[in-house]
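Please open the model in your viewer and keep the selection tool at hand. The stops below are meant to be taken in order.

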Amino acid sequence: QQAEIGVTGLAVMGRNLARNFARHGHVVAIHNRTFAKTQALLDEAGDEGTFLASESLEDFVASLAKPRKVIIMVKAGPGTDAVIDELVPLLEEGDIVVDAGNAHFPDTIRRENALAEHGLHFVGSGVSGGEEGALNGPSIMPGGSRTSYESLGPLLEDISAKVDGVPCCTYIGPDGAGHFVKMVHNGIEYADMQLIAEAYDLIHRGTGKSPAEIAEIFTEWNKGELESFLIEITATVLAQTDATTGQALVDVVLDQAEQKGTGRWTVQNALDLGVPITGIAEATFARALSGSVPQREAARGVLPAGTVEWHRPTSADDADAFVEDVRRALYASKVVAYSQGFDQIAAASTEYGWDIDRGAMARIWRGGCIIRARFLNRITEAYERDQHLPLLIADDFFVGVIDECLEAWRRVVSGAALNGIPTPAFSSSLAYYDGVRADHLPAALIQGLRDFFGAHTYRRVDREGTFHVEWSGDRSETAVGGDFK
Ligand code: 6PG
C-alpha cells in the first residue's frame, strides 16, 4: 500500500493536518526528524485512519504513490530549506512539494524557481485556523503551478473547512501567490485584533465595566453583523478568571503583544507597492509600541494626559448607547481594514502577475481561518458584482454599512482623543476613510514644497504636462516635462 499524501514535520500543525487527511480516509505517510513525535502520533491517533510511518526520509518518500505529494510543515525559515535540500534528491520529475508553513512569499518564489529546475512542483500554501483548524478543517491557500493543483487540489479541498458545502480552499495563483494571500490574511488578523482590543479598552475605561461584563457584550455582538471567530473568542478570553489570583486573566497578562513576523511583512510589502494599509500598519505598530519597554517606562507618569472631559456615559442607558457607538466604530474600521487588505492583494496581483480573484479569497476565508466572519459573504458578493471593483468600501453594500456607522465612529474617535485613550486603528481607519473620499487633498501643498526645495515639479489640475516654479528667481512658472496624455 502506498500513501496518497505525506506530511513531514509533526509538531502540532503537521500532526493535525496528517490526522485530518487520515480521518477523511486518505492514506497518509508521516515523518518527523525525531521518530518520537511520529510514534506519539501513532500511539495517540493511530486508530483514526491509515498512517504509513517512516523513520527515514528515504522510506517516507518510498511510501508515497507517484506523483508524490509531500507537505512540509516546519517552522518557516532555514528549516524549510534544510528539509527541501534533503528531499529533492529523493524525488522525481512531476512530484509535488508543499510548504504549508507561514513562509515569506519571496522565499516561496525562490524555492519554486529552484525546484522547477529539477522538474518538481513547489506549492507555497497558506494554511489558517491554528491547531483546531488543521485538525477539523482549515482554510487553505495554495499557490504554485496549475498542474500541481489538478492532483493536489482535491485532497486539500477534501480536508478544508466547508461553508454551505463549499470548500475553503481554492487555487490562488503562481509561485508566491498563496503565501502572499496568507500574509495579507494575517495582516488583516492583526488589524481585527487591534480593533477588538481598542473596543474593549474604550468600553472598559469609558464605562468601568469589568472584563466579565464586557465578555457578555462580545457574546451579544457575535449574534449580529459582527459575528466572527475573533469576536467569539474575545468573549471567552475576557470571561476567563486567573486561577492563582482570582482576577480576570486579561488583567494579569503582561500587556506586550508579540509577533512572529507576518504582520510586519504585510506592512513592508505595502510600502513597496505603495498601498495604504493604515489599519494593518497601525495594528503592527501598536504591538511594537506595547513592547517598547524603555520608552513606555520613560513616558509613564511623566507625559501629561491633558485630557478634556467629554460626556462620559453616566446612566446605564448612556453606557448602552456608548457601547453601541463602539460597536459601530468597530464594524466600520473593520470594513476599512479588509478593504485595504484587498487593495494590497489587487496591487500585488498586478505587480507580480498573479491574477488573483479577490471574491474567491473572501469565499475561502468564510470558514476555517482566524479571520472567518459572517460579513465575508458580503465581500464575495461585492466582487461578484464587479470583479475589478477599485475600492471595496465604495461598493453599494459597504457604503450603506459605513453610512450607518459613521456618526458613531466620529464620536468614538473624538471622544477617545479627548480622554487620552489610544485608538490607533479606529482613528487611522477614519482618517483613511476621510482621505480617500476627499475632493481635494493637501497633497497639492506637498507637491509645491517638493518643487520649492528640489525642483521635483508638479502637475496641474487644468493643463497637461509637468511644471516648475523658478522659486529662487522671478517665481514664474515654466512647463518642463512632456505631456501626460
Ligand atoms: C492562522 C494564524 C497563524 C498564527 C499567526 C500568529 O491563520 O492560523 O494567523 O498563522 O497564529 O502566524 O501570528 P503572530 O505570532 O505574528 O501574532
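The tour goes from the ligand to a helix, then to some backbone details and the cysteines.

Before selecting anything, note that this is a predicted model, in which local features need pLDDT of at least 70 and side-chain atom pairs count only at pLDDT 80 or more, while totals for chains, interfaces and linings use all residues. Residues are numbered from 1 along each chain as its sequence is written, and side-chain values use heavy atoms, with hydrogens and water left out.

**The ligand**

Next, show the polar contacts, which are pairs of N or O atoms within 3.5 Å. An N or O atom in the side chain of Tyr 190 is 2.5 Å from an oxygen atom of the ligand, a polar side-chain atom of Lys 182 lies 2.9 Å from a ligand oxygen, and a backbone N or O atom of Gly 130 is 3.2 Å from a ligand oxygen. Taken alone, the ligand exposes 420 Å², of which the protein buries 81%, with areas from the Shrake-Rupley method and a 1.4 Å probe.

**Helix α4**

Now select residues 78-87, helix α4, whose buried residues (under 20% relative accessible area; exposed is over 50% and partly exposed in between, with a 1.4 Å probe and protein chains only) are Thr 80, Val 83, Ile 84 and Leu 87. These cover an arc of only 100° around the axis, taken from the directions to the C-beta atoms, so they are on the same side of α4. The face turned away from that buried side carries the exposed residues Pro 78, Asp 85 and Glu 86.

**Backbone details**

Go to Lys 66 and Pro 67, which are joined by a cis peptide bond with omega about -10°; Pro 67 is in the loop between α3 (57-62) and β4 (69-72). Then select Asp 164, a non-glycine residue with a positive phi near 50°, which counts as exposed at 67% relative accessibility.

**The cysteines**

Finally, select Cys 369, which is buried at 0% relative accessibility. With a disulfide taken as a pair of cysteine sulfur atoms within 2.5 Å, the count is zero; the closest cysteine sulfur to that of Cys 369, in Cys 168, is 7.3 Å away, too far for a bond.

Methods: A polar contact is a pair of N or O atoms within 3.5 Å; within protein, one must be able to donate a hydrogen and the other to accept it, and residues adjacent in sequence count only if both atoms are side-chain atoms. Helices (H or I, at least four residues) and strands (E, at least two) are DSSP runs, numbered from the N terminus.
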